[in-house]
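Hello,

Here is the structure I promised to pass on to you. Please have a look, and read on below for what turned up.

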Amino acid sequence: MIDWLFSPLIDFGFMRRALVAGLALSLVAPPLGVFLTLRGMSLVGDAMAHAVLPGVAVGFLLAGFSLPAMSFGGLIAGLLVAGLAGSVSRLTGHREDSAIASFYLISLAAGVMLISMRGSSVDLTHVLFGSILAVDSTALWLIVSVSSLTLIVLAAIFRILVVECLDPLFLRGQGIRGGAVHGLFLGLMVLNLTAGFQTLGTLMAVGLMMLPATAARFWSKRLEGLMGLAIAIGMISSVGGLLLSYHAGLPSGPCIILLAGVIYLFSALFGRYHSVFARWRRRVQPMLPPDAHG
Amino acid sequence: MDEPNTLLTLESLSLAQGNRMVLEGIEGHFEAGTITALVGANGAGKSTLVQGIMGELRPISGRVDCRVPNARRAWLPQQLALDLTFPMSVEELVMSGCWPTHGSFKRYGQAEYRRGQAVMQRLGLQAFEHRPLGELSGGQRQRALLGRTLMQEAQLLLLDEPFANVDAATVEVLIEVLQDMAAKGAAIIIVLHDHDQMTRLADRILHLERGHGTWSTPARSGDSPPPAETLA
């Protein structure tokens with residue numbers, strides 16, 4: 001039974017590649033998501049996932065279904081939207097999230113238009129929802145490189161990110177420009193979204209970033225705990241989702257993200273902190289008579 | 001006028017927020033070992049002056065001459081300005097005061113952890129060292145924030161209403177620690193509202209009103225106050 005369940009991950013090359021890709025992404029995307037939630041930027045990830053689309057489309061138009069070209073295009077588009085939104089918010093004094101919301105919509109519309117001009121709807125589905133069959137060894141190298149790079153950069157700016165989340169003025173007083181760190185962080189996020197779109201699709205890639213992070217918040221109050229749990233949830237979702245996708249003949253991206261979504265729902269209901277159950281328990285306790293505690 | 005232990009000098013400093021002139025012709029010397037109270041009504045330009053001193057705002061005219069390097073300058077914002085739900089423990093916050101010497105990469109050594117312990121002990125935080133900031137009271141948070149500046153060995157310390165939302169016991173601890181820092185040679189500038197705290201703590205007062213600054217000395221019962229000087 002266990003053998004039947006897990007053997008596809010070993011027997012088939014495309015499943016092996018998808019597994020490695022999923023685990024590599026799960027190692028770095030959830031920690032980024034933890035920082036996004038802590039910085040109050042949960043929806044920015046979603047907006048950026050849409051923003052990469054025109055770049056992916058241009059890559060597709062120029063080089064066909066070539067993953068490096070599409071990823072590179074996506075990266076450029078994502079960084080462009082992040083940069084433009086940042087500049088507009090600095091120049092006009094508007095909040096950055098409204099600028100990002102505006103630019104991602106422009107970008108998304110441009111992307112859909114570009115794909116519909118040249119490709120078929122099948123291509124659009126591939127780009128939007130991903131396909132594990134698309135992970136060839138080139139794509140795998142790309143994903144693993146992105147994960148490694150993200151891990152190194154994240155380790156390098158970790159302390160800055162933590163201190164800056166709490167008190168941006170402290171670092172500015174020390175001569176560290178918060179804007180540069182923020183930009184680097186957005187860059188990492190875009191990089192991971194473009195790496196994730198091959199297995200998960202542009203719209204789903206952000207799910208592996210956010211859902212493990214938001215689920216982890218119901219179980220831990222410590223940063224290390226949040227990161228570790230988010231990574232674990234990401235990996236469980238990736239492995240489980242791939243197997244579900246294989247055995248039930250369903251698309252991989254939605255399987256992985258839905259599994260993460262189930263874990264999120266379970267955590268929201270029964271998690272240790274702030275979950276529905278935890279709140280219910282806390283509200284009931286004072287109602288007990290004093291001698292009920294023994 | 002320029003004494004050797006002057007850490008910060010303001011020379012006919014004028015500052016603006018956007019198009020609005022907020023402060024004009026502020027003069028002042030801040031010596032090592034003195035505590036200056038910065039007072040004035042809401043909107044009188046206290047935060048603007050602090051921003052100017054920290055280099056956040058460029059002067060319209062005049063200048064800020066600060067002899068304290070960035071690493072030893074500390075700015076303690078009001079608690080409300082901080083996101084204290086961030087999952088960080090008291091110890092981690094205090095240890096982040098090692099930034100000037102350790103930056104983003106360097107591992108904290110035994111010596112730093114011992115110093116951190118001593119700082120937390122000094123502030124009465126040893127029982128809370130692993131407690132997340134989100135679970136602390138206002139007073140405990142303020143102690144932890146001051147702990148960071150102690151760790152940083154700040155020589156120029158600016159505080160924005162450090163005694164707001166803080167219990168009486170904490171106020172005593174904070175005053176003691178601040179006086180101790182001043183005695184060890186730091187220049188401290190505190191935005192204050194409370195008159196009693198001002199007379200207890202401050203050596204000098206910079207009063208901001210309608211864009212101009214007036215220097216005075218708090219009247220203290222008991223000892224004979226030095227003569228007040230008016231510079232602007």
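To begin with a question: is strand 7 of chain B mostly covered or mostly open? Mostly covered: 5 of its 5 residues are buried, where buried means that 20 or more other C-beta atoms, placed from the backbone, lie within 10 Å of the residue's own. Helices (H or I, at least four residues) and strands (E, at least two) are DSSP runs, numbered from the N terminus.

Before going further, some housekeeping. This is a predicted model, in which local features need pLDDT of at least 70 and side-chain atom pairs count only at pLDDT 80 or more, while totals for chains, interfaces and linings use all residues. Residues are numbered from 1 along each chain as its sequence is written, and chains are lettered from A and ligands numbered from 1 in the order in which they are written.

Back to strand 7 of chain B. Ala187(B), Ile189(B) and Val191(B) point one way from the strand, Ile188(B) and Ile190(B) the other. Strand 7 of chain B pairs (at least two DSSP bridges between the strands) in the parallel sense with strand 3 (residues 35-39) of chain B over 4 bridges, with Ala37(B) as the bridge partner of Ile190(B). Strand 7 of chain B is also parallel to strand 6 (residues 156-160) of chain B, over 5 bridges; there, Leu156(B) stands opposite Ala187(B). Together with helix 6 (residues 168-183) of chain B, strands 6 and 7 of chain B make a β-α-β unit that is right-handed (with the strands pointing away from the viewer, the path from the first strand over the helix to the second runs clockwise).

Chain B also has an open sheet of 3 strands, antiparallel and in the order 2-1-4. Its edge strands are strand 2 (20-31) and strand 4 (61-66) of chain B, each pairing on one side only.

As for the contact between the chains, 18 residues come from chain B and 18 residues from chain A; residues are in contact if their C-beta atoms, placed from the backbone, lie within 7 Å. Strand 5 of chain B gives the most to the chain B side, with 3 residues.

Finally, confidence: the mean pLDDT (the predictor's confidence in each residue, from 0 to 100) of chain B is 83, and 92% of its residues reach 70 or more. Residues 224-232 of chain B have a pLDDT below 50. Where pLDDT is low, the predicted coordinates should not be read in detail. For the complex, the predictor gives an ipTM of 0.74 and a pTM of 0.81.

Best wishes

Notes: Two residues are in contact if their C-beta atoms, placed from the backbone, lie within 7 Å. A residue is buried if 20 or more other C-beta atoms lie within 10 Å of its own, exposed if 12 or fewer, and partly exposed in between; C-beta atoms are placed from the backbone.
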